[in-house]
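Take a look at the sequence and the 3D structure below. This briefing starts at the ligand and then turns to other local features.

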Amino acid sequence: MLNIVLFGPPGAGKGTQSTNLIEKYQLVHLSTGDILRSEVANKTSLGLEAKKLMDQGLLVPDDVVIRMIEARVDANRNAKGFIFDGFPRTTKQAEALDELLKKKHTSITMMLALEVDDAELITRLLNRGKDSGRPDDQNKEVISKRIMEYNSKTAPLKNYYTEQGKFHGVKGVGTIEEIFDRLTGVIEMY
Ligand code: AMP
């Protein structure tokens with residue numbers, strides 16, 4: 001199986017690149033942000049709880065997202081592989097993912113990290129907010145909070161995957177095609 005963690009701060013381009021990667025490699029796309037937004041749209045009790053945190057740019061509890069991922073990995077037994085987008089975001093989530101995949105006799109193949117500086121991220125997110133309707137993309141303070149959450153809780157995962165020899169940084173600036181070529185260049189080395 002080809003199991004990729006697509007990593008990077010909010011606005012790095014994970015969603016866009018995931019769409020292209022799943023098409024090329026026939027992978028199942030698991031985005032915890034997308035799953036949470038659909039729970040919010042459907043006004044489920046989980047969605048209503050999560051929305052309070054998402055609107056403030058804070059992470060939802062580890063147990064909630066771990067259960068969501070577990071259910072979807074279980075539901076896609078015949079997948080050729082997965083792209084994990086926006087997950088894991090904490091060390092606890094990364095450990096739970098390793099455990100879960102181990103039970104399925106597979107593992108994370110690599111982490112691909114899109115690298116973009118903070119000033120560029122804020123510009124991109126505010127632009128996205130004009131079209132996407134995402135409330136968390138429309139407020140500069142919420143955007144800053146999300147970047148702070150990323151730097152404090154998520155960025156340490158770089159070390160987690162580096163220790164496993166699985167970390168690959170990729171420059172996340174340029175055209176969509178240029179960035180896609182950089183990502184596939186790394187994948188093809190495996
Ligand atoms: P995203 O679409 O990945 O930017 O996620 C939007 C929001 O959903 C985040 O700001 C968090 O509030 C929440 N979220 C998404 N994925 C996770 C995760 N793996 N762990 C905790 N919270 C998450």
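## Ligand contacts and local features

A backbone N or O atom of valine 60 lies 3.1 Å from a nitrogen atom of the ligand. The protein covers 96% of the 480 Å² of accessible area that the ligand has on its own. Accessible areas come from the Shrake-Rupley method with a 1.4 Å probe; for residues, only the protein chains shown count as cover.

This is a predicted model: local features need pLDDT of at least 70, side-chain atom pairs count only at pLDDT 80 or more, and totals for chains, interfaces and linings use all residues. Residues are numbered from 1 along each chain as its sequence is written, and side-chain values use heavy atoms, with hydrogens and water left out.

**Around the ligand**

- Leucine 58 places a backbone N or O atom 2.6 Å from an oxygen atom of the ligand.
- Threonine 32 uses its side chain: an N or O atom there is 2.8 Å from a nitrogen atom of the ligand.
- The ligand has 16 residues around it, where near means a heavy atom within 4 Å.
- Thr32, Arg37, Leu58, Gly86 and Arg89 come nearest.
- Helix H2 (residues 32-41) gives the most to this shell, with four residues.
- Helices (H or I, at least four residues) and strands (E, at least two) are DSSP runs, numbered from the N terminus.
- By class, the shell has seven nonpolar, four polar and five charged residues.
- Ala, Val, Leu, Ile, Met, Phe, Trp, Tyr, Cys and Pro count as nonpolar, Asp, Glu, Lys and Arg as charged, and the others, Gly among them, as polar.

**Glutamate 188**

- Glutamate 188 lies in helix H9 (residues 176-188).
- Glutamate 188 touches Lys24 and Tyr25, not counting residues up to four places away in sequence; contact means heavy atoms within 4.5 Å.
- The side chains of glutamate 188 and tyrosine 25 are joined by a polar contact of 2.5 Å.

**Backbone features in loops**

- The peptide bond from phenylalanine 87 to proline 88 is cis, with omega near -5°.
- Proline 88 is in the loop between strand E3 (81-85) and helix H5 (91-103).
- Lysine 43 has phi near 55°, a positive value in a residue other than glycine.
- Lysine 43 is in the loop between H2 and helix H3 (45-54).

Terms used. A polar contact is a pair of N or O atoms within 3.5 Å; within protein, one must be able to donate a hydrogen and the other to accept it, and residues adjacent in sequence count only if both atoms are side-chain atoms.
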